[in-house]
Amino acid sequence: MSFKFSRAQRIRSRSDFAYIYEHGQLYKDEFFRVFYVRKHPPEPGRLGLSISKKLGKAHVRNRIKRIIRETFRLHPELTGRLDLIVQPRSTAATLSNEQLRQRFVEALIALRENR
RNA sequence: CGAAGGCGAAUGGUCCAGGCGAAGCCUGGGGAGGAAAGUCCGGACUCCACAGGGCAGGCCGCUCGCCGCAAGGCGAGAAAGAGCGAUCUUUGGAAAGUGCCACAGAGAAGAGACCGCCAGCGGCCCAAGCUCCGCCAGACUUCGUCUGGACUGUUCGCCUUGGCCAGCCGUAGGCUGGCCAAGAUGAGCAGUCAAACGGAGCUUGGGCCCGGCAAGGGUGAAACGGUGGGGUAAGAGCCCACCGCCCCGCUCGUGAGAGUCGGGGGCACGGCAAACCCCGGCCGGAGCAAGACCAAGUAGGGGCACACGGGGGCCGUAAGGCCCCCUAAGGGUGGCCCGCCCGAUGUGCCCGGGUAGGUCGCAUCAGAGAGAUGGCCCUCACCGGGGCUUCCCCGGCACAGAAUCCGGCUUAUGCUCCUCUUCUUUUU
RNA sequence: GCUCCCAUCGUCUAGUGGCCCAGGACGCUGGUCUCUCAAGCCGGAAACAGGGGUUCGAAUCCCCUUGGGAGCG
């Protein structure tokens, strides 16, 4: 099985973002806000990231994005059939890499049970 | 993540052929920085109907040389300042003009006289002494001579000091008014004693006014040369010597500047230009979300208004600067003027409608287009700590990440290496 | 990414080189008033984002840093 993060797995167009913000559901916890939409013809999940400059300088935001993307790639069983837009909150910048991974997996599990 | 290559063939355009060729899959060279950062200066590039001259504005500023369009950098120097020193910091013009220099202080820019010092001349007042005249009293040696002409009390006015009270402003405290006490002084009245004062001149001392001085005190961030001598009523570059300063010349240096040089000048010329400004150099404006092309879509939309374009005073050809009135006077030249250009066209306002896609710009092998360059493990090197020390264990390794590119500046930073020098300590 | 703007008591602000160890309002706080609270009256604390420079003197002028905010086809 491939763990690539192909272009099809990314939310890219402005209209897709607008649709998910408009029609999606919202999950919130201490570290993330996640907008998500369940797709009825089952398709691979897609991910969009939105990080405010308030979280830190460019290298800090890059680290958070990489860890979230990595977690998304490694857990297709949690993200299938979902379009996600993840907004990390400013508390996420204080987490270590390992903590960030764990918290995001926990968030995805909570999100699945919330359906 | 990905240039490139291979497999792949949907779909599109064409009458046909030929050719182009998306997604997906495979291989895959290569893949963050010295600051990629801040966006503080520049440049390339693109557009702005854009050939030129200017106004305004911006940036830069010791000298010479080199590199550069420029910003800036490098090297060698100059002056001033800091430091024991190595070294570091600063840099056009204040004698073109305008402006500012609070408070304090006498005076803040061709300044000033508060305290202070002062001879002579001058004016006024007071005190003391002497001389003279008149007046009074007494004594005596009787045409006159000698001696003396003061003190005390009280009333009123004014001044000073102290105390108390009231009002006002206030942190202290101050101002105004009233009362009391003391002192000084002027006028009136009274008393004592033998008697109860007037004038003129000179000298000395004191006070005030007019006047001379700018040495000293004091204020300030800053006070219009310093030291010594002469000089004077007291003083002063008033004069002199030395030091300092300014100007001119000469010499040296390409120059900023320098000189134990020569001459002149008694000396004036304070600070601020990161205040306006002046001088010199450079710059047209905006910015890759610039801009170009393709596709789709709309409409070659409708209505109303406007049509050479203000006036006056001073400097200037004009922009511009200062002041006033009237008001919104085609548009473009992307701050403005001249000039130039457009004009069945342009602008302003109102109403209505459409797009939010793609490609290029966009990279000399980093390069996307919701934005890659990552995580974990192993090994080695380095740094710190510890231990059972040819080894082992634990921890650490910064600042921070391209989005058109390039040149600088500034700021943030861990470790390693190299070169030169100073100071301190120790040893010799 | 590019181009700009702003920062003064807890909040809103005044200030445009010296009169400012920074003024005002609301809020906070101590006292007074009241049976109590509020209002009123009297008083107090509280700020120039940070650093460096120019100047005799900086909230103000210049530079750097930090933190907020706005615009763009």
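Start by selecting Y36: its opposite number is L84 in β4. The model is predicted, so to speak of local features a pLDDT of at least 70 is required, side-chain atom pairs count only at pLDDT 80 or more, and totals for chains, interfaces and linings use all residues. Strands count as paired if DSSP finds at least two bridges between them; helices (H or I, at least four residues) and strands (E, at least two) are DSSP runs numbered from the N terminus.

Now show the whole sheet. This open sheet has four strands in the order β1-β2-β4-β3, with mixed pairing. At its edges are β1 (25-28) and β3 (46-49), each pairing on one side only. On average, neighbouring strands are turned by 20 degrees against each other, direction ignored.

Axes are lines fitted to C-alpha atoms, for helices over the stretch in contact, and angles run from 0 to 180 degrees between N-to-C directions.

Then bring in helix α4 (residues 97-113): α4 also packs on the sheet, touching β1, β2 and β4, at about 40 degrees to the direction of β2.

Finally, look at the two helices together. The axes of α2 and α4 come within 10 Å and cross at roughly 50 degrees, and are therefore oblique to each other (under 35 degrees is roughly parallel, over 145 roughly antiparallel, 65 to 115 roughly perpendicular, the rest oblique). To see the contact, select R63, I64, I67, I68, E70, T71 and F72 of α2 with N97, L100, R101, F104 and V105 of α4.

For confidence, colour by pLDDT, the predictor's confidence in each residue from 0 to 100: chain A has a mean of 79, and 87% of its residues reach 70 or more.

Technical notes: Residues are numbered from 1 along each chain as its sequence is written. Chains are lettered from A and ligands numbered from 1 in the order in which they are written. Side-chain values use heavy atoms; hydrogens and water are left out. Contact means heavy atoms within 4.5 Å.
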